[in-house]
Amino acid sequence: MRKLLIAKLVVGLSLAASTGAYAAGDVLPPKDVKWNFEGIFGTYDRAAAQRGLQVYKEVCASCHALSRVAYRNLMDLGYTEDQVKAFAKEYEVQNAEPNDDGEMFMRAALPSDRFVSPFPNKQAARAANGGAYPPDLSLITKARANGPSYLYSLLVGYTDVPAGVEEQEGLSYNPYFPGGWIAMAMPLFEDGVEYTDGTKATVDQMAKDVTYFLSWAASPDLEQRKKTGLSVMMFLVVFTGLLIAVKKKVWSDVH
Amino acid sequence: MEKQTYSNPVIRWVDDRLPIFSFMDHEYNKFPMPRNLNYFWNFGALASITLIVMIVTGIVLAMHYTPHTSMAFDSVERIMRDVNYGWLIRYIHSNGASMFFIVVYIHIFRGLYYGSYKAPRELLWMLGVVILLLMMATAFMGYVLPWGQMSFWGAKVITSLFSAVPIFGESIVEWLWGGFSVDNATLNRFFSLHYLMPFVIVGVVVLHVAALHVSGSNNPDGIDVKGPQDTVPFNPYFTAKDSIGLGVFLIVWAGFVFYAPDFLGHPDNYIPADPLVTPPHIVPEWYFLPFYAILRSITFDFLFIDAKLLGVILMFASIAILFVLPWLDTSKVRSCRFRPVYKWFFWLFVLDCFILGVVGAKSPDDPVFGVEWFKYVHLGQIGTAYYFFHFLILLPILGKMERPLPLPTSISESVTGGRSDSAAGAATAKGEPA
Ligand code: HEM
């Protein structure tokens with residue numbers, strides 16, 4: 001009974017500790033969205049992630065880098081090697097080594113290259129965005145609490161400025177962004193992309209799709225991790241069961 | 001130590017010259033263990049195994065990691081993405097640090113509950129406190145290595161604490177940094193020390209276990225072993241029992257690694273370190289939170305000591321006080337089972353540590369449960385006061401005033417309810433393998 005009481009207190013206090021975070025500042029907690037890569041058997045929805053790649057490429061990539069993902073990684077999303085080669089060829093990169101005359105030269109990107117960034121450096125990115133830095137999106141869903149839902153909420157969360165709140169020059173109002181004012185103008189508009197698979201490009205659809213894509217980009221290990229985890233867990237549970245049986249046997253002569 | 005005669009000539013040849021086989025047989029095979037130990041006695045073995053796993057995964061990480069401010073974060077991401085099973089190695093290591101602290105904290109509270117720090121185990125206990133301090137230093141420096149936002153700002157906040165030292169403060173901080181800010185020199189030395197310290201821990205663990213094997217294990221009744229009828233040999237009895245604990249522990253650890261690998265971490269550490277952008281909340285890893293709360297709860301000067309310095313002193317004192325615990329607790333009875341009053345205060349102390357942990361995670365100026373005049377810093381002050389009250393006032397007095405329950409005359413009596421001639425007891429009494 002007393003142990004139960006203590007357990008309840010402990011749980012209550014930890015809940016208080018975890019939910020309290022949102023109380024600071026006037027931020028809305030992210031919308032509660034179920035993602036199919038969550039849960040023990042979670043995998044990435046390939047079709048959604050492929051559409052998300054299209055959203056990233058046609059909308060976000062003009063401001064945000066994705067420099068930790070290599071073009072060849074796209075094969076994880078179900079693209080063939082030829083498709084990846086063709087995708088990479090659209091971009092130009094500077095070769096790492098100079099040519100025989102000692103000059104650096106540009107060449108078409110290869111599958112082994114990483115996504116080409118829109119700006120050569122942080123300063124250039126800031127200069128083009130009114131002083132605000134559009135972060136590299138390679139890790140964005142891991143770098144925010146409740147990342148995928150936060151990203152989705154941010155993208156669909158732009159609203160009119162509430163009555164009594166003063167407009168801020170060059171910023172947009174978004175209640176999901178800490179502080180409420182973000183230097184990124186609403187990036188998604190109905191039919192902003194024309195999906196190759198014919199899906200209707202609503203803002204909600206695009207936001208979900210790009211979230212799938214960027215979640216994969218941040219945790220490409222997720223599917224292999226969960227699959228390996230299942231075997232490891234099954235092994236450990238069976239093994240521990242055997243150990244319990246062994247222990248019972250060993251101790252059977254001690255009272 | 002009794003020498004064995006081995007039939008295998010090679011083993012006999014070695015053992016005659018260096019009796020490692022006799023030693024292992026004596027310390028880990030026949031070693032007498034109180035027969036009434038419960039599962040809380042698993043945690044020492046679990047901690048040793050965790051240490052080994054940390055060293056093995058750490059060495060593999062170090063093969064791929066680059067200790068340079070411009071490359072550290074990238075190299076960790078390369079481990080996650082491009083190294084075969086790199087994500088597995090890294091998640092085992094980063095969650096392993098948390099598992100290590102959970103195990104060691106349970107191990108310590110076990111000692112507090114059953115009075116394992118009392119004579120003749122004082123030195124054993126003190127060596128344990130040394131291990132705790134070394135672990136904390138190791139984990140702190142390890143957390144800096146991935147060079148994310150929390151790595152950088154955590155390092156900055158903690159190293160800057162030393163500036164509170166009078167006169168030499170600034171020089172000490174610059175000496176620690178190896179420059180005028182937390183920078184490449186700092187990262188390099190932290191990597192070097194993070195690699196070194198686990199091996200120092202191994203050394204102290206060896207001493208800790210050596211001291212244990214002099215006095216033998218304490219037990220849930222906290223009474224001395226009277227003879228062979230009270231014990232069973234370590235192998236197979238406790239190899240079997242520890243294995244169950246290990247199985248369950250690995251399930252928990254694997255649960256985090258495979259299904260919630262970032263749950264215990266902070267999202268900001270997936271943002272590369274930026275000395276120009278201060279995160280809104282700088283919080284240490286969960287295992288440091290109670291100490292962080294003590295540090296931040298001192299907001300007032302005391303006599304000639306200023307608030308910052310006092311906070312630092314109390315934070316270190318909160319661990320250092322464990323060194324003198326064997327002499328602060330005046331009760332002759334070890335186990336809480338027979339200390340009806342202390343038992344309650346023990347749980348109150350656990351609760352206090354937990355509350356301090358919550359306070360450490362909050363910003364000091366936030367109101368507690370929405371009560372405007374009662375902030376987390378106030379809760380932290382109460383928690384800190386109670387922490388020291390427990391050790392400095394309660395324990396010395398309680399030992400004198402409390403009337404303990406009658407102790408059982410022997411372990412075998414308390415286990416069998418009087419029958420001391422059970423099979424295992426008789427078998428081990430003659431030194432035969434059970
Ligand atoms: C007492 C045992 C140890 C503890 C408690 C410990 C703790 C930690 C912690 C908390 C981190 C940060 C994890 C993260 O967020 O990524 C870390 C990283 C690291 N540790 Fe250890 N460690 C231990 C032993 C070792 C050993 C023996 C080595 C190897 C020589 C090592 C090498 C590394 C490396 C290279 C990193 C950076 C890579 C990374 O961040 O994942 N560690 N350690």
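## Cysteines

A residue counts as buried under 20% relative accessible area, as exposed over 50%, and as partly exposed in between. A:Cys63 has a relative accessibility of 28%, so A:Cys63 is partly exposed. The model discussed here is a predicted one.

Over all chains, a search of the whole structure returns 0 disulfides. For A:Cys63, which is in no disulfide, the nearest cysteine sulfur belongs to A:Cys60 and is 8.7 Å away. B:Cys336 is likewise in no disulfide; the nearest cysteine sulfur is that of B:Cys353, at 14 Å.

## Chain A: elements and surface

Chain A contains 7 helices and 4 strands. Read from the N terminus, the order of its elements is α-α-α-β-β-α-α-β-β-α-α. Of its 255 residues, 38% count as buried.

Among the contacts in chain A with a separation of 6 or more, 62% are made by residues 24 or more positions apart.

## Chain A: two domains

The domain assignment divides chain A into domain 1, covering 26-69 + 119-232, and domain 2, covering 71-113. Taken over C-alpha atoms, the centres of domain 1 and domain 2 of chain A are 25 Å apart.

Contact between these domains of chain A involves 8 residues of domain 1 and 10 residues of domain 2. About 940 Å² is buried between domain 1 and domain 2 of chain A, with carbon and sulfur atoms giving 62% of that area. The count of salt bridges between domain 1 and domain 2 of chain A is 1. In chain A, the side chains of A:Lys57 and A:Glu90 form a salt bridge, with an N to O distance of 3.2 Å.

## The interface of chains A and B

Chain A contributes 46 residues to the contact with chain B, and chain B contributes 52 residues. The area buried between chain A and chain B is about 4200 Å²; carbon and sulfur atoms give 68% of this buried area. On the chain A side, A:Arg68, A:Arg225 and A:Trp251 supply 15% of the area that chain A buries against chain B, more than any other three residues.

Across the interface of chain A and chain B there are 4 salt bridges. A:Arg68 forms a salt bridge with B:Asp74, in which the closest N and O atoms are 2.8 Å apart.

## Two buried residues

A:Ser219 sits in the loop between helix 6 (203-218) and helix 7 (222-251) of chain A. Its relative accessibility is 10%, so A:Ser219 counts as buried. Leaving aside residues up to four places away in sequence, A:Ser219 touches A:Tyr44, A:Lys142 and A:Arg225. A:Arg225 is also one of the three residues named above for the area that chain A buries against chain B.

B:Ala254 belongs to helix 10 (residues 234-259) of chain B. With a relative accessible area of 7%, B:Ala254 is buried. Not counting residues up to four places away in sequence, B:Ala254 touches A:Val232, A:Met233 and A:Leu236 in chain A, together with B:Tyr259 in chain B. B:Ala254 and B:Asn95 are 159 residues apart in sequence, while their C-alpha atoms are 9.2 Å apart in space.

## Backbone exceptions

Most peptide bonds are trans, and most residues other than glycine have a negative phi.

The peptide bond joining B:Ala119 and B:Pro120 is cis, with omega at about 5 degrees. B:Pro120 lies in the loop between helix 5 (86-114) and helix 6 (122-144) of chain B. A cis peptide bond also runs from B:Asn235 to B:Pro236, with omega near 5 degrees. B:Pro236 is placed in helix 10 of chain B.

A:Asn146 is not a glycine, yet has a positive phi of about 55 degrees. This residue, A:Asn146, is in the loop between helix 4 (122-128) and helix 5 (147-156) of chain A. At 42% relative accessibility, A:Asn146 is partly exposed. B:Tyr85, also not a glycine, has a positive phi of about 55 degrees. The loop between helix 4 (72-81) and helix 5 of chain B holds B:Tyr85. B:Tyr85 has a relative accessible area of 42% and so counts as partly exposed.

Methods: Residues numbered from 1 in each chain as written. Chains lettered and ligands numbered in written order. Predicted model: local features only at pLDDT ≥ 70, side-chain atom pairs only at ≥ 80, totals over all residues. Heavy atoms only, no water. Disulfide = S-S within 2.5 Å. Buried < 20%, exposed > 50% of the residue type's maximum accessible area, 1.4 Å probe, protein only. Contact = heavy atoms within 4.5 Å. Domains from an automatic or database assignment. Buried area = accessible area lost by both parts, 1.4 Å probe.
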